[in-house]
Amino acid sequence: MSKHAGKDEDPPKRIRVAIVSTSIAPYAIPEGERLANRPQITTRHFFARRKEPGREWQIPEVPFPYEITAGFTIRLNRSIAYFPLTLPIRLFKFKPDVIIV
């Protein structure tokens, strides 16, 4: 007989997933919402900025947990380099099991 016989089992641990991206892209919001609604995982998105320079799209309401990390941006010709300085601290506080970049 198990020592846990007759007792409710602990619910399974939710997997903590951090999703890191440069900015909020409207086309990615439905997928982010689907991930956030999965009962097995807890998600948080980390963005370097709300919107990339030169993007004409409107950012709708974001229906999942996210943070805009503090840092700076450097434009190099046609490229943009992001330096999200607070990202390591934010990830440390969130304590993810998985990081998707």
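R90 is partly exposed, with a relative accessible area of 34%. This is a predicted model. R90 forms a salt bridge with E67, and their closest N and O atoms are 3.2 Å apart. E67 lies in strand 3 (residues 66-68) and R90 in helix 2, so the pair ties together parts that are 23 residues apart in sequence. Is E67 buried or exposed? E67 is buried, at a relative accessible area of 17%. The cut-off for buried is under 20%. R44 joins in too: salt bridges with shared partners link R44, E67 and R90 into one network.

**Other salt bridges**

How many salt bridges does the structure hold? The structure holds 5. One of them joins the side chains of K13 and D97. This pair links distant parts of the chain, 84 residues apart. K13 sits in the segment before strand 1, and D97 in the loop between helix 2 and strand 6. K13 is exposed, with a relative accessible area of 61%. D97 is partly exposed, with 43%.

Another salt bridge brings together R55 and E52. R55 counts as partly exposed at 38% relative accessibility. E52 is buried, with a relative accessible area of 18%.

| Salt bridge | N to O distance |
|---|---|
| K13 and D97 | 3.1 Å |
| E67 and R90 | 3.2 Å |
| R55 and E52 | 3.9 Å |

**Aromatic rings**

Now turn to the rings. A search of the whole structure finds 4 aromatic pairs. One of them is F72 with F83, and this pair is stacked. F72 lies in strand 4 and F83 in strand 5, so the pair ties together parts that are 11 residues apart in sequence. F72 is partly exposed, with a relative accessible area of 40%. F83 is partly exposed as well, at 36%.

Charges also sit over rings. R16 lies over the face of F94, at 4.2 Å from the ring centre. The charged end of K95 sits over the ring of F92, 4.3 Å from its centre.

**Backbone angles**

K95 is placed in the loop between helix 2 (87-94) and strand 6 (98-100).

N77 also has a positive phi, about 55°, although N77 is not a glycine. Where is N77 found? N77 is in the loop between strand 4 (72-76) and strand 5 (79-83). N77 counts as exposed, at 77% relative accessibility. The cut-off for exposed is over 50%.

**The largest pocket**

The largest pocket has a volume of about 240 Å³. It is lined by 18 residues. Which of them are closest to its centre? They are S21, S23, A25, A28 and F47.

Which elements supply at least two residues each to this lining? Strand 1 (15-23), helix 1 (29-36) and strand 2 (41-49) do. By type, the lining residues divide into 10 nonpolar, 5 polar and 3 charged.

Methods. Residues numbered from 1 in each chain as written. Predicted model: local features only at pLDDT ≥ 70, side-chain atom pairs only at ≥ 80, totals over all residues. Heavy atoms only, no water. 1 Å grid on protein atoms, 1.4 Å probe; cavity = no way out; pocket = protein on both sides within 12 Å on 5 of 7 lines; lining within 4 Å. Points joined across faces, edges and corners; volume = space filled by probe spheres on them. Helix = DSSP H or I, 4+ residues; strand = E, 2+ residues; numbered from the N terminus. Nonpolar A, V, L, I, M, F, W, Y, C, P; charged D, E, K, R; others polar. Buried < 20%, exposed > 50% of the residue type's maximum accessible area, 1.4 Å probe, protein only. Phe/Tyr/Trp six-rings, centres within 6.5 Å; stacked < 30°, edge-to-face > 60°. Lys NZ or Arg CZ within 6 Å of the ring centre and 35° of its normal. Salt bridge = Lys/Arg side-chain N within 4 Å of Asp/Glu carboxyl O.
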